[in-house]
Protein chains: 2
Amino acid sequence: MPPTRSTSTHRPFDAGGPTLADVGEAELLRRLTEIASEHSPAGLRLGSGDDAAVWSPQLATELAITQDALVENRDFRRSWITPRQLGVRAITVALSDLAGMGASPAWCTATICAAGSTGLGDVLEIQRGLCNAAEEFGCAVVGGDVSDIDGPMVLDVCAVGTVPAGIFLRRDAARPGDAIVVTGTLGRAAAGLRLLMDGVGKVTAADRDSWLDAQLAPRPRVGEGRLLLDAGVRCGGDMSDGLLVEAERTAAASGCGAELWLDAVPVDAGLQRHFPDSWIELALGAGEDFELIAAVDPATLAALRSGWPASAQPLHVVGAMVGGAGVQLIESAGGPPVSLPPVSSRHYR
Amino acid sequence: MPPTRSTSTHRPFDAGGPTLADVGEAELLRRLTEIASEHSPAGLRLGSGDDAAVWSPQLATELAITQDALVENRDFRRSWITPRQLGVRAITVALSDLAGMGASPAWCTATICAAGSTGLGDVLEIQRGLCNAAEEFGCAVVGGDVSDIDGPMVLDVCAVGTVPAGIFLRRDAARPGDAIVVTGTLGRAAAGLRLLMDGVGKVTAADRDSWLDAQLAPRPRVGEGRLLLDAGVRCGGDMSDGLLVEAERTAAASGCGAELWLDAVPVDAGLQRHFPDSWIELALGAGEDFELIAAVDPATLAALRSGWPASAQPLHVVGAMVGGAGVQLIESAGGPPVSLPPVSSRHYR
């Protein structure tokens, strides 16, 4: 029995009732569309039910476009997560990419591939999670597809947001001398995954809940991405693959190097206590916290910090872009180097 | 050994070489992006490689949005189709929905879920098929996702096209008295599927090639959709699920009935010869020809027919929208009713 969030009263997978094979595809589509239509989308001229949805873009905006798939037994297990949480997570992963562009979510489409033996109630709960999470961030679920599959469940979300024409956070705009800034606290989601894989052990209830929530119910940093963009930042992205990987990507795309200061990284307090041998790996080498990273020149940084609202995830300067190439991890600014922890990935190798 | 298109010299699945597990996800993404970037998209400001692609919509246009998944052993089998054809098919299914709106394809994203044992060469061929087919119709492959899956391969395409603001083909705009019009010839794709399932038998080489091509390499009727829209037609869609189902959907959405005239349906000539007992089912009850259906008022119909170019798929009037509800199939206009054939679907039930 895997650990569960103690306060969770959510309906788990396989709670009984009719299956997809019982109701058939047409009825399933009708029910999914019914849920989607309860939410009120901006700019939507024609919703689900025709060959395609029709949406009106606003003047002088451009579209940021991303697509992310969650595959059962790779990205989630039914015993770990509720159907509602799974729907939220599928949206969150995609909206996090939009947050990483500084974009405002506008619409998305979601494909659900599930075996005929899957509970209809489970799929409807997934759809409620998708639609609720999307709506919270101003995003309409305008369509999608459902398909039978003789294998793992697949959720695939294409999400589109808007940015002012020509203005967005890109990976390749960092320069030596820029500060490396991250939002929030790192390592909780990886710690939550560790608990799900290995069991809870002696972790306190507060840490357990915080870490499982970070893994099972992450939040996209949409507001923080827009704050960065509004403050004049033009280089940034989300950290779905962890700080080390994302810092290296940013450095490589920008043709420079990056230096990370271990003592400046905002690591969850319980992590060092409970994982004395692997907290660096959890906080820097593993992803899924879905926080943002940005490279910010010194003048913009001062204004950014002074104007950063207390309601947003806190900003932390965790290093600097430097000349050369690659990422170096050091104990503290000007201090000795620390060996890079391994980077974990659940895909292919 | 299933029948193959006699002139096909294409590379089949499982042709050897490194697998996805051999190269890893980062290298796979790099190779897929490399293929996508060989094609020149209109309106694309930032392509694959960042958190999201960025695309500029044109003034006074709206977006038609659709998503379609192909699942292995439900929508295709690796022994039937080449990887290149599979990529083309995934795009075609999505672009057919855009054609059904009268939209001009603009961009798409494609997710590929495949087991680590899948050949890298196969996935690159799928991507070439996707990108070539998209480019042919003015559509850029701007991103997507790849994921390991311990099960069937899944291709999921989100496709977006543009229409003039407020002007598109919708399902719910038919009126009693409208002519029901279809493009092209019906039944070939279903006959091709029958050959793949049951073997070729005594079918001539010409019929075999024509039917297998229709099933394995269908074409989206993008040009025909735009012609309908330009001629003033406002009710229509694609026939991915076959004439009977699509006529019923159109009638139901429009609050009227539909009458189909069997002798007017453009059925492939070989179908009646080779499938004397099931040709009606193949031509009317099965889909995947990806032709278009439209409901056209008499005044528009005259102009539409006279202006229809010879290079487009031929237009056929196959019935009329009537009062009441539901679809009736009759031998010929004013003739006796014929019982409706069964409708086939490969999903759920």
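1. How many of the five residues of strand 7 (residues 179-183) of chain A are buried? Five of the five are buried, so strand 7 of chain A is largely enclosed by the rest of the structure. Please keep in mind while reading that this is a predicted model.

2. The neighbours of strand 7 deserve a careful look. Strand 7 of chain A pairs with strand 10 (residues 292-296) of chain A in the antiparallel sense over four bridges, and in this pairing A:V181 stands opposite A:A294. Strand 7 of chain A also pairs with strand 11 of chain A, again in the antiparallel sense, over five bridges, where the bridge partner of A:V181 is A:V317. As background for a new reader, strands of a sheet pair through backbone hydrogen bonds, either parallel or antiparallel.

3. Strand 9 (residues 257-261) of chain A is mostly covered, with four of its five residues buried. Strand 9 of chain A pairs with strand 11 (residues 315-322) of chain A in the antiparallel sense over four bridges, and A:E259 there stands opposite A:A320. With strand 12 (residues 326-330) of chain A, by contrast, strand 9 of chain A pairs in the parallel sense over five bridges, and A:L260 stands opposite A:L329.

4. A further sheet draws on both chains: six strands form an open sheet in the order 5(A)-4(A)-6(A)-3(A)-2(B)-1(B), and the pairing is mixed. Strand 5 (140-147) of chain A and strand 1 (44-46) of chain B stand at the edges, each with a single partner strand, so one side of each is left without a neighbour in the sheet. From one strand to the next, the twist averages 25°.

5. Within that sheet, the step from one chain to the other is made where strand 3 (residues 61-71) of chain A is joined by three bridges to strand 2 (residues 53-55) of chain B, the two running antiparallel. Here A:L63 stands opposite B:W55. Helix 3 (residues 120-136) of chain A lies across strand 4, strand 5 and strand 6 (154-164) of chain A, and runs at about 170° to strand 4 of chain A.

6. Over all chains, the structure holds five aromatic pairs. The rings of A:W107 and B:W107 have centres 6.2 Å apart and planes at 15°, so this pair is stacked. A:W107 lies in strand 4 (residues 104-113) of chain A and B:W107 in strand 4 (residues 104-113) of chain B, so the pair joins two chains. Both A:W107 and B:W107 are buried, and ring pairs link A:W55, A:W107, B:W55 and B:W107 into a cluster.

7. As for the relation of the chains, chain A can be laid on chain B with an RMSD of 0.0 Å by a turn of 180° and a shift of 0.0 Å along the axis. The two copies are thus related as by a two-fold rotation axis. In chain A, the C-alpha nearest the axis belongs to A:G151, 2.6 Å from it. The same surface serves both copies, as 100% of the contact residues of chain A recur in chain B.

8. Although B:P298 and B:A179 are 119 residues apart along the chain, their C-alpha atoms are separated by 6.9 Å.

How values were computed: Residues numbered from 1 in each chain as written. Chains lettered and ligands numbered in written order. Predicted model: local features only at pLDDT ≥ 70, side-chain atom pairs only at ≥ 80, totals over all residues. Heavy atoms only, no water. Phe/Tyr/Trp six-rings, centres within 6.5 Å; stacked < 30°, edge-to-face > 60°. Buried < 20%, exposed > 50% of the residue type's maximum accessible area, 1.4 Å probe, protein only. Least-squares fit on C-alpha atoms with pLDDT ≥ 70 in both. Contact = heavy atoms within 4.5 Å. Pairing = 2+ DSSP bridges. Axes fitted to C-alpha atoms, helices over the stretch in contact; angles between N-to-C directions.
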